[in-house]
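Have a look at the fold, then read on.

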Amino acid sequence: MNKYRNYSNKKYKMKNKNTSNRKKIITILILIYVLIFFNYINVFKYEKDVEIRYAENTVKYIEINEDNLKKLNKDERKIEEQRNKNIKNKQEINKKEFSAKEVFYYDIEKNELINIKGNKEDKIVPASVLKLFTIEYILNKLKLDQVVTVGNEISLVSSDESQAGIKKGEKYTVKELLEMMFLPSGNDATYTLSKWYLKNYENVKVDTISNNEMVKEFSDKINKYLKEKNINNTNITNPSGISKDSYISKEDIVKIVKNLIKKEEVMLIPKEHKIGINKKNRKIELINTNKFLDKSSKFYDENIIGLKTGSLSVGKNISVLYENPTNKKKYVIFVFGAKTDDDRYKDSIKVREIIENEIFSSKSK
């Protein structure tokens, strides 16, 4: 009897132990599931954060003694000779000075922002480059073939602002207005699209408010949209970029451009140097402000395929979509706060040289 009782107790204890182990396993599996779930949300949120690498423009390198190369075998010598070449390339780049306050580029394939000049926390006045934010925002709902009627919002544009020359009462497709925003950087086209967007997609009674109130309303809407998309270091006070109070961050503009370049039909627009729009009684000729696209310009570059310029008294800005002719990889170069019009192009060329020589790549280290 005692033997049976002992056996039963032992069996009971084993059963309890198995039950306890099973509970532990279930608990661990639940924790793993929860971790995987939250990681899934983080990875597949609206915009995966861009990897940012703040490389220094001036770097110290150890010179390789030429005599030492003779002691190496053929393969070792080849590696060291390439390393020497990379060192010399870097030293040449380091001698270059940038006029602009902020210089960086985005490696599309690697999803990586490489900073060359300026600080991570700097607030950048974008000027008309800000139109990229406006375009990305409205294209979430607008279609390129929709027809828009120009209203009195174009009276917001002063004579010294960039404009496409549209007139009240004229009708244009969304695509045509985007062409006006990209090429001559038309503020009149920007206000027309902004007002039409508010009226038709945000249910704002734009006809009962002033044009200045319309600008504020649109700015508030786009700022809210950006915050919802984890674009937190940008503040827009005017959709055209004319306001010096608007600012963006490097991370934020890369996130916007990253989304924009996926819209292939739209990205065909800023690569054009000239576009003609025929209306009933006249023809509008749009000329791109980007001199990289002008074959008659000293800055013409067949490997530049966009994007947007911007100018205010605080500096000359440019963002360019560049395709490396050697490997066909694409990059977006950003230059903000250059002193002169020519300087923004010269600085962009220096960044192109950095990319072509793989100055900040793992291959050159």
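At what angle do helix 4 and helix 5 pack, and how far apart are their axes? The angle is about 165°, and the axes lie 11 Å apart. Keep in mind that this is a predicted model. Angles over 145 degrees count as roughly antiparallel, and helix 4 and helix 5 are therefore roughly antiparallel to each other. Their crossing is left-handed. On the helix 4 side, the residues that touch are K131, L132, T134, I135 and I138, and they meet L178, M181 and F182 of helix 5. Sorted by class, that contact has six nonpolar residues, one polar and one charged.

**Helix 5 has another partner**

Helix 5 (residues 174-182) also packs on helix 6 (residues 187-201), here at an angle of about 140° and with the axes 8 Å apart. That makes helix 5 oblique to helix 6. The way helix 5 passes helix 6 is, again, a left-handed crossing. From helix 5 come V174, L177, L178, M180 and M181, which meet A189, T190, T192 and L193 in helix 6. Seven of these contact residues are nonpolar and two are polar, with no charged ones.

Now over to helix 4 (residues 131-138) and helix 7 (residues 211-228), whose axes come within 11 Å and cross at roughly 75°. Angles of 65 to 115 degrees count as roughly perpendicular, so helix 4 and helix 7 are roughly perpendicular to each other. Helix 4 brings F133, T134, E136, Y137 and I138 to this contact, while helix 7 brings F218, K221, I222, Y225 and L226. The class count here is seven nonpolar, one polar and two charged.

| Helix pair | Angle | Axes |
|---|---|---|
| Helix 4 and helix 5 | about 165° | 11 Å apart |
| Helix 5 and helix 6 | about 140° | 8 Å apart |
| Helix 4 and helix 7 | roughly 75° | within 11 Å |

**A cavity**

How many cavities of 30 Å³ or more does the structure hold? There is one, and the largest cavity has about 30 Å³ of space in it. Its lining is made up of F292, D301, I304, Y322, I333, S348, I349 and R352. Helix 10 (residues 341-356) supplies the largest share of that lining, with three residues. By class, the lining has five nonpolar residues, one polar and two charged.

**Two backbone spots to check**

Which two residues does a cis peptide bond join? They are G306 and L307, with omega at about 15°. L307 sits in strand 8 (residues 304-312).

The other spot is A127, a residue other than glycine with a positive phi, near 55°. Look for A127 in the loop between strand 3 (112-117) and helix 4.

Key: Residues numbered from 1 in each chain as written. Predicted model: local features only at pLDDT ≥ 70, side-chain atom pairs only at ≥ 80, totals over all residues. Heavy atoms only, no water. 1 Å grid on protein atoms, 1.4 Å probe; cavity = no way out; pocket = protein on both sides within 12 Å on 5 of 7 lines; lining within 4 Å. Points joined across faces, edges and corners; volume = space filled by probe spheres on them. Helix = DSSP H or I, 4+ residues; strand = E, 2+ residues; numbered from the N terminus. Nonpolar A, V, L, I, M, F, W, Y, C, P; charged D, E, K, R; others polar. Axes fitted to C-alpha atoms, helices over the stretch in contact; angles between N-to-C directions. Parallel < 35°, antiparallel > 145°, perpendicular 65-115°, else oblique. Left-handed = near helix turned anticlockwise from the far one by under 90°. Contact = heavy atoms within 4.5 Å.
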